[in-house]
Amino acid sequence: MTIDDATVQRKPDSLPSPWRSSRFRLFFMARSTSLLADGMLMVSLTTAVLGAGYGAGGVGYALAAWMAPIALLVLFGGVLADRFTPQVMMVGADVVRMGAMLALAALLVATDVRLWQIMVLMALSGAATAMFQPGLASMVPQVAEDIQRANALLRISEAISTLIGPGVAGLLVAYWQVSGSFVVIAAAYALSALGLAPLRKLSTVRDDSDDPMFRRLVTGWHEFRSRSWLWGVIAVWAVYGLFVFGPALPLGAALLIEQHGASGYGWIASADGAGTIIGGLLGMRVRPRRPLVAGACAMFFFALNPLAPALGWSFTVTALTGVLAGCGFAFWGVMWATSVQSHIPLAVLSRVYAYDVAGSIMVIPLGRALAGPAAESVGADRVLLFSSVMGIVCIAVMLCVPAIRGLRQAPKVSTGTGDDGGGR
């Protein structure tokens, strides 16, 4: 059964708002609280590790312990989501993450916490995240008829959570205690699970075959590689992650703090977040016939992100470039997510999306690891200038791929799963 089998043809403008669906409202609440927890986690974890006396190296080990299981297990998460339904896997993942955060809070209160204990609990949380993430793409077409508008709303929620999450964690650490921040994170994961739990009655397309895990992975790979627009974007995105996303955050932050101070960097980061919200709002209204072309053109603006610190532009100009970069990135995200969810069969969507996640994120840590030595060798400004050029080149290459350039908006955009606000 494909997504086309489960859809009815409707004009985009005639589709009801996602807010009219109780299913979408529950999913939106769950996703927002989960994103808020993720936004709080990095500040809380860094504070806990440094407070325990393990230094910056300990922070790196703890982050690696969290990220490694995501990279290693996300493909299996996609298989399990298609086998047992995304809702089941996501609720289970939230429960595990809640337990890990509560255990870490208890260790911080009761004992002199060891680094290996923190790493074990973070690895458990990372493994749960790998089970949670692939199901996201499969859930959206089932909770909203207007897939594009739903993705735009979720992108806006992500931007807001990214902005306020670290601030909430900072306030809790400063005025309460670091263990308390982990309790709040656990509560956020619990709310996410509670929001997802009522969605168990969705008409989910399950893979009920008796194929072993390896065969299911191979099926997902065949679905992935059979679409040249899909693997073409991910191939370019891997290069983009290595040369643009990888160096842009650590080196850009260092230069911006040097040029504009810590408070100036905070405002510039906020400008980027504001741009992300604007991009999400545009994604709600603009419906291009060739969504990947429109999204890729918007991504040209992201090249300004590493360019501004590389050239030492003024605070005002840098903040404006942050707005443009955030807007372009968010608009691309809406176009990409909608294209994937509209053109991939529901029965294999989680597996395909898992390959998307794996291909998109696996090289970013390598890019960040290489950024430091490269900056020491040729200077951070030159590395970021190179990143900006590579950003333009990568998007230009993407637009040169006929399959990407020719992909049109899915003619059947309604999944028939929306409701009138009361659910079914």
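The paragraphs below go from the overall build of the chain to its salt bridges.

This is a predicted model, in which local features need pLDDT of at least 70 and side-chain atom pairs count only at pLDDT 80 or more, while totals for chains, interfaces and linings use all residues. Residues are numbered from 1 along each chain as its sequence is written, and side-chain values use heavy atoms, with hydrogens and water left out.

The chain contains 16 helices and 0 strands, where helices (H or I, at least four residues) and strands (E, at least two) are DSSP runs numbered from the N terminus. Its radius of gyration is 21 Å, close to the 22 Å that the globule rule gives for 424 residues, so the chain is as compact as a globular protein of that length; the radius is taken over C-alpha atoms, and the rule is 2.2 Å times the number of residues to the power 0.38. Along the principal axes, the C-alpha trace spans about 55 × 50 × 40 Å. Of the 424 residues, 53% count as buried, a term that means under 20% relative accessible area, with exposed meaning over 50% and partly exposed in between (1.4 Å probe, protein chains only). Among contacts (heavy atoms within 4.5 Å) between residues at least 6 apart in sequence, 89% join residues at least 24 apart.

Side chains of opposite charge can pair when their charged atoms come close. The structure holds 7 salt bridges, each defined as a side-chain nitrogen of Lys or Arg within 4 Å of a carboxyl oxygen of Asp or Glu. One of them joins Arg-97 to Asp-94 at 2.8 Å, N to O. These two residues are 3 apart in helix H3 (residues 86-110), which means that about one helical turn separates them. Arg-97 is buried at 0% relative accessibility, and Asp-94 is likewise buried, with a relative accessible area of 0%. Asp-38, Asp-94 and Arg-97 are linked in a network of salt bridges.

Another salt bridge pairs Asp-146 with Arg-287 at 2.5 Å, N to O. Asp-146 lies in the loop between helix H5 (135-143) and helix H6 (147-175), and Arg-287 in the loop between helix H9 (228-285) and helix H10 (291-299), so the pair ties together parts that are 141 residues apart in sequence. Asp-146 is buried at 2%, while Arg-287 is partly exposed at 21%.
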